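Here is a short briefing on one protein model. The points below are grouped by topic.

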Amino acid sequence: MYCSICKTFDVTMHGYGYSLSNGVVVCNSCYGEFNNMMNLMNKINNSGTIGYPDNWGRDNATKWIMEVARVKSEGERLKEKAIKQTKEEMKPREERWINYLGGLATALTEKIHSDIQVKPGDGPSVPAHKFLLATRSEVFKHMLSSDTCKSSQIDSVCLPEFNHEQLQTFLELLYCGNLAKEKFEMHYYCLALASHKYAIPHLEKFCEEHILKLIDSSNALKVLEISEICANETLRVAALESIINHRKKIICAPSFEEFAIKNPHLVGRDSANRWIIEANGQAARLKSEVEVELSRQ
């Protein structure tokens, strides 16, 4: 139970507090102020200038505390109501904005006045629009302004890190600023790396927010890789937390050994990652124990 006045100190947990009448509980710090106020009220009463019943100071101070708590609670309720109302008002605006940006998606899918071919590392190219690539990314802007691109007989740019499907998904996200959950979960790794590589802040933030929602024991190592490549501390902390919480499950998975081999620079890089070294040894021991047990059967 928290102090009825400051609402910040857990009296139940720490045990430093006082119980007043009517179920009011206050911490040591607030009790001192409460006691001063109560003594002042009782002093006025004892002076004989005004007649009050016994314990008038304590009872009225308790009532005052309860009123303060009630007003504070009412303020929090009104704040929550205002936030909810604001969200409800913003929803139609967001829907209108998404519908407006949907026109850009149509221009991409229907190849309306496209003026450049974006080539993946594997598969056919995807028609796109120079103006949008240049306005979304400074990297694309410089690429399209380079002499190599200008001298090319066929306007094109190559993004070799993508296959055809990944490129289509990346361009859809680039055009609309949003993506269906299923598509994002399928391609989040390459999307996060590309948004960082091509310096697209909106997409970097989009990827970060949505990766945080889907992180679990099955993809925590991959998210840790992303955080390292993209220098994203938020994802790194979330990935390490998930890995530590599910370390027994993760170290027994085949992907753990692959991760350790692929990322020797990441293993044991600092004290926060030393668990990986210990987990690597523990995985080897577990594997050996399983093999011994199987040989006995």
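**Nonpolar core**

The largest nonpolar core holds 49 residues, and F170, L171, L174, F184 and I211 touch the most other members. Such a core is a set of buried Ala, Val, Leu, Ile, Met, Phe, Trp, Tyr and Cys residues joined through side-chain atoms within 4.5 Å. Buried means under 20% relative accessible area, exposed means over 50%, and partly exposed lies in between (1.4 Å probe, protein chains only).

- Helix α7, residues 164-176, gives the most to this core, with seven residues.
- Helices (H or I, at least four residues) and strands (E, at least two) are DSSP runs, numbered from the N terminus.
- I211 touches F184, Y188, A192, V223, I226 and L235, leaving aside residues up to four places away in sequence.
- Contact here means heavy atoms within 4.5 Å.

**Basis of the model**

- This is a predicted model: local features need pLDDT of at least 70, side-chain atom pairs count only at pLDDT 80 or more, and totals for chains, interfaces and linings use all residues.
- Residues are numbered from 1 along each chain as its sequence is written, and side-chain values use heavy atoms, with hydrogens and water left out.

**Overall make-up**

- The protein has 14 helices and five strands.
- Of its 297 residues, 33% count as buried.
- Among contacts between residues at least 6 apart in sequence, 53% join residues at least 24 apart.
- The protein exposes about 18,800 Å², and carbon and sulfur atoms supply 54% of that area.
- Accessible areas come from the Shrake-Rupley method with a 1.4 Å probe; for residues, only the protein chains shown count as cover.

**Cysteines**

- A search of the whole structure finds zero disulfides. The criterion is a pair of cysteine sulfur atoms within 2.5 Å.
- C207 is in no disulfide; its nearest cysteine sulfur belongs to C230 and is 8.3 Å away.
- C207 counts as buried because its relative accessibility is 3%.
- C176 also counts as buried, at 17% relative accessibility.

**Positive phi**

- Most residues other than glycine have a negative phi.
- H113 is not a glycine, yet has a positive phi of about 50 degrees. H113 is found in the loop between α3 (56-109) and β3 (116-122). Its relative accessibility is 72%, so H113 counts as exposed.
- A199 is not a glycine either, and has a positive phi of about 50 degrees. A199 sits in the loop between α8 (181-197) and α9 (201-214). With a relative accessible area of 36%, A199 is partly exposed.
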